[in-house]
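Here is a short briefing to read alongside the model.

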Amino acid sequence: MLRDPLLDEFVSVGLKQNLDIRSAVERISAAAAGARRTGINSQIDGSISGDLRRSRDDDGIVSNEEIGVVNASFVFDLFGGIRRGREESLARVDVAKLDVGTVRLAYLADLVGSYITARYYQNAAWITRQSIESRRQALDFVERRFEAREATSLERAQARSLLATAQASLPILEANYQVSAFRIATLINQPAGAVLSRMNRGRAQPRPQGGLRTGVPADLLRNRPDVRAAEREFAASIAAIGVAEAQLYPSLQLLGNVTAGNGRTWAFGPSITVPLLNLPIRAANRDIARSRAREAELIYRQQVLRAIEETQSALVLTRFQRRQTGSYGAATAAAREVVELSRESYENGAVTIIEILDAERTLLSNRLELARSTRDWTSSWVQLQVSVGKGWLAGVKSVRVASR
């Protein structure tokens with residue numbers, strides 16, 4: 001995505017080892033196991049039992065009795081309750097699969113964001129160290145001129161102040177860099193020391209390598225796992241209404257049993273159950289299911305609106321921050337030229353050392369702003385990819401949903 005080999009490696013390792021993702025995958029297994037309890041498996045029931053008894057009557061006669069019983073039953077799906085229950089369970093499996101996608105997207109956003117932040121602080125610290133070295137050289141030069149009575153006390157004080165200011169900002173930049181690296185280590189479940197060692201080798205700040213295409217709204221609805229999960233949750237709640245409706249009507253079972261022992265008996269026939277005294281409770285359960293379906297529909301609609309808003313916001317931020325980064329790049333180039341010209345003018349006696357120090361202060365400020373703007377631009381671009389649902393299928397061959 002950002003054409004950074006180390007980041008790609010971190011992502012590959014993290015998707016396999018992150019504990020949140022592995023927990024979400026386990027929920028798929030639980031949902032799939034729940035689905036196996038529905039459909040034809042819920043219509044058929046039966047058991048085999050056997051007893052071996054040894055008894056003694058009042059006359060002292062000891063006898064053995066062997067009994068074997070086979071029971072079986074089949075429930076007819078007269079009003080579609082079992083079929084709708086199957087649909088509900090399969091929709092829940094789809095929700096669990098898509099929830100993994102949502103977790104993966106959130107994980108990728110966190111990992112890539114932490115990497116971008118770490119590289120920003122690393123670059124900012126490197127820029128600051130360069131500025132410290134430059135200001136130390138400037139101070140040495142001013143000190144020599146002061147001893148030769150060619151520089152004033154004000155010039156020496158300003159040179160010292162600028163050096164101290166740059167030195168004061170360095171520790172927090174280095175600390176934030178390490179904090180971001182530790183976050184990466186946690187996300188990929190790796191030792192912090194090993195991650196920090198690899199990050200210390202340095203690399204340029206990541207920059208967006210792709211365009212800003214977001215596709216049509218239908219693509220957004222197809223790609224966002226959280227939107228698709230909300231739609232499947234809505235489908236499951238609709239199916240649950242059918243299950244509750246079926247409970248209001250009679251149920252028909254086919255029962256049979258065979259008993260083998262000292263004598264052999266068998267029985268076979270239908271059994272019908274008509275809800276009567278508990279009918280108000282079953283009607284209340286249906287109304288609850290309807291209310292939950294309406295709530296699921298509202299959640300789905302809200303999820304769609306939120307996805308559109310996030311995409312629009314990320315797109316706008318990415319566009320404007322790209323322009324800002326370009327402006328800071330131009331400002332940095334101009335400030336670097338000012339520093340070079342100021343030094344030449346100082347050698348010719350046209351400007352004072354204070355003007356050189358001011359020019360260097362402006363250059364440092366512009367370089368740091370350029371680094372910050374690059375971080376923000378890249379972060380917005382990554383958020384745009386997340387908002388349109390890109391990346392959650394990384395390393396996954398396919399995810400089949402919407403089973404019916």
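## Burial, shape and charge pairs

Of the 404 residues of the chain, 38% count as buried, where buried means under 20% relative accessible area, exposed over 50% and partly exposed in between (1.4 Å probe, protein chains only). This is a predicted model, in which local features need pLDDT of at least 70 and side-chain atom pairs count only at pLDDT 80 or more, while totals for chains, interfaces and linings use all residues. Residues are numbered from 1 along each chain as its sequence is written, and side-chain values use heavy atoms, with hydrogens and water left out.

**Overall build**

- The chain holds ten helices and four strands; these are DSSP runs numbered from the N terminus, with H or I over at least four residues for helices and E over at least two for strands.
- Read from the N terminus, the order of elements is α-α-α-β-β-α-α-α-α-α-β-β-α-α.
- The radius of gyration of the chain is 36 Å, whereas a compact globule of 404 residues would have one near 22 Å; the radius is taken over C-alpha atoms, and the globule rule is 2.2 Å times the number of residues to the power 0.38.
- Along the principal axes, the C-alpha trace spans about 135 × 55 × 35 Å.
- Of the contacts (heavy atoms within 4.5 Å) between residues at least 6 apart in sequence, 80% join residues at least 24 apart.

**Surface and charge**

**Salt bridges**

- The count of salt bridges comes to 21, a salt bridge being a side-chain nitrogen of Lys or Arg within 4 Å of a carboxyl oxygen of Asp or Glu.
- E174 pairs with R129 in a salt bridge, with the closest N and O atoms 2.9 Å apart. E174 sits in helix α5 (residues 153–188) and R129 in helix α4 (residues 81–147), so the pair ties together parts that are 45 residues apart in sequence.
- Both partners are partly exposed: E174 has a relative accessible area of 32%, and R129 has 37%.
- R224 and D226 form a salt bridge with their closest N and O atoms 2.8 Å apart, and both residues are buried.
- R343 and E360 form a salt bridge with their closest N and O atoms 2.5 Å apart. R343 belongs to helix α9 (residues 279–347) and E360 to helix α10 (residues 353–387), so this pair ties together parts that are 17 residues apart in sequence.
- Here R343 is partly exposed at 38% relative accessible area, while E360 is buried at 9%.

- R135, in helix α4, is buried yet has no salt bridge, and the nearest side chain of opposite charge, E360, is 5.1 Å away.
- Leaving aside neighbours within four places in sequence, R135 is in contact with L162, L163, A166, E360, R361 and L364.
- N189 has a positive phi of about 60° although it is not a glycine. N189 lies in the loop between α5 and α6 (192–199) and is partly exposed, with a relative accessible area of 42%.

Notes: Lys and Arg count as positive and Asp and Glu as negative; His and the chain ends are not counted.
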